Amino acid sequence: MFDVHVNRCPVEGMVTLVEKREGQFLNAMKEESAVLNEQMLIVIDTGEFTVSFKQIAGLLARRIVCNLKPGDRVERGQRMGLIKFGSRVDVLLPAEVQLRVKVGDRVKGGSSILGVMPSVLKP
């Protein structure tokens, strides 16, 4: 709860969707919070693939700030918002991504590599 909760764009590309979804304020670490809690869904098209991520409010975190709108061009690692009092951000990657993190890893916004697309690895 006391970590910094500035949110950053996971990829570079064009924002195609920013959608607020009203909901509950369950403990953000509970599995059902990904569906039931208030959240902001953001979709970014990289030109090669699409990445979605959600800012999810929690029990104490009841204020989501998102500075993006459809049509915005974003850079990987760019600040895009925050969750006041912190909570949870889910990043939904394409199935082809080769993960660079595992359950239990601590990641840092703007510096941790979550995964790599195989097309990026080709010479």
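Glu38 comes out as buried, at 9% relative accessibility (buried is under 20% relative accessible area, exposed over 50%, partly exposed in between, with a 1.4 Å probe and protein chains only). The model is a predicted one, so local features need pLDDT of at least 70 and side-chain atom pairs pLDDT 80 or more, while totals for chains, interfaces and linings use all residues. Residues are numbered from 1 along each chain as its sequence is written, and side-chain values use heavy atoms, leaving out hydrogens and water.

Glu38 pairs up with Lys20 in a salt bridge, with 3.7 Å between the closest N and O atoms (the cut-off is a Lys or Arg side-chain nitrogen within 4 Å of an Asp or Glu carboxyl oxygen). Lys20 sits in strand E2 (residues 13-21) and Glu38 in the loop between helix H1 (33-36) and strand E3 (39-45), so this pair ties together parts 18 residues apart in sequence. Helices (H or I, at least four residues) and strands (E, at least two) are DSSP runs, numbered from the N terminus. Lys20 also meets Glu22, at 3.8 Å from N to O, and Lys20, Glu22 and Glu38 end up linked in a network. Glu22 is exposed at 61%, whereas Lys20 is partly exposed at 48%. The structure holds 6 salt bridges, including Arg21 with Glu19 at 2.8 Å.

As for disulfides (two cysteine sulfur atoms within 2.5 Å), the search of the whole structure turns up 0. Cys9 has its nearest cysteine sulfur, that of Cys66, 8.3 Å away. Cys9 is buried, at 3%.
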